[in-house]
Structure formats: structure tokens, C-alpha cells
Amino acid sequence: MRSRPLPVTVAAILMALFGVLNLLFPLLPTEEMPAVVVYGVGVLGVAGLVATAGLWLLRKWSIWLTIVVSVLNILAAAPGMTELVIVLVVLPTSRRAFASS
């Protein structure tokens, strides 16, 4: 049996963590979100766990599935990240820094 490189092991562990979190997402209060988003994240969680199994077993197809699932996770998190950046920029300390320059 081939030995699994450390980066692949770390990637598999992270994919498992994100997959489980995505599976738990529909259990959170999501009244304001469309159902397609809620269930889409759940499907993304299942795909992440499949990618995890493939990474753990060193299957070639798991590389592309991992990349696709990771990109979709980034896109799903993007709206929250942009809101965070806007909040950080308009904080009083940030505004004072720009006013003094």
C-alpha cells in the first residue's frame, strides 16, 4: 500500500470537517434563506465527504472533486466575507484612520 503524504492527510481532514459542517447547516435556523440554498449546502456536504473518502484512499478523481467542492464552498462563503469587510472598514477606528490621512 502507498503511503499517504502529509498534505493529502491534512486536506482530507479539512474536507471532512467542512463536509460535516455543511451537513449540519440545514439544522440551523435558516428561515430567511431559500430552500435551494439550504439543501444545496447539504448536498455540498455529502460531496465533500465523498471527496474526503477519495483523498484518504488516494483516488485520482478525488483531486478534482476536492477542488470543485472547495471552490463552491468559497463561493458560498463569499457574501458573508464581503459583509465582514464592509463592517470592518466602517468601524469608527477605521474611519478615524482614513480621516487623519
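Here is a walk through this structure, from its overall build down to one residue. The model is predicted, so to speak of local features takes a pLDDT of at least 70, and side-chain atom pairs count only at pLDDT 80 or more, while totals for chains, interfaces and linings use all residues. Residues are numbered from 1 along each chain as its sequence is written, and side-chain values use heavy atoms, leaving out hydrogens and water.

Let's start with the whole thing. The protein has four helices and zero strands, where helices (H or I, at least four residues) and strands (E, at least two) are DSSP runs numbered from the N terminus. Read from that end, the elements go α-α-α-α. The C-alpha atoms fill a box of roughly 60 × 35 × 20 Å along the principal axes. The radius of gyration, taken over C-alpha atoms, is 18 Å, whereas a compact globule of 101 residues would come in near 13 Å (by the rule of 2.2 Å times the number of residues to the power 0.38). Buried residues (under 20% relative accessible area, with a 1.4 Å probe and protein chains only) make up 21% of the 101 residues.

Now for how the helices meet. Two packed helices are described by the angle between their axes and the distance between the axes. Here, axes are lines fitted to C-alpha atoms over the stretch in contact, and angles run from 0 to 180 degrees between N-to-C directions.

Take H1 and helix H2 (residues 35–56): their axes lie 7 Å apart at an angle of about 160°. That makes H1 roughly antiparallel to H2, a label for angles over 145 degrees. Contact means heavy atoms within 4.5 Å, and on the H1 side Val8, Thr9 and Ala12 are among the residues that meet H2, whose own partners include Val41, Leu49 and Trp56. By class, the residues of this contact split into 14 nonpolar, seven polar and no charged. Nonpolar covers Ala, Val, Leu, Ile, Met, Phe, Trp, Tyr, Cys and Pro, charged covers Asp, Glu, Lys and Arg, and the others, Gly among them, are polar.

H1 (residues 6–24) also meets helix H3 (residues 61–89), with axes that come within 12 Å and cross at roughly 50°. That makes H1 oblique to H3. Met15, Phe18 and Asn22 in H1 touch Thr66, Val69, Ser70 and Asn73 in H3.

Finally, zoom in on Thr9, which sits in H1. Thr9 counts as buried because its relative accessibility is 16%. Leaving aside residues up to four places away in sequence, Thr9 touches Arg4 and Trp56.

How values were computed: Parallel < 35°, antiparallel > 145°, perpendicular 65-115°, else oblique. Buried < 20%, exposed > 50% of the residue type's maximum accessible area, 1.4 Å probe, protein only.
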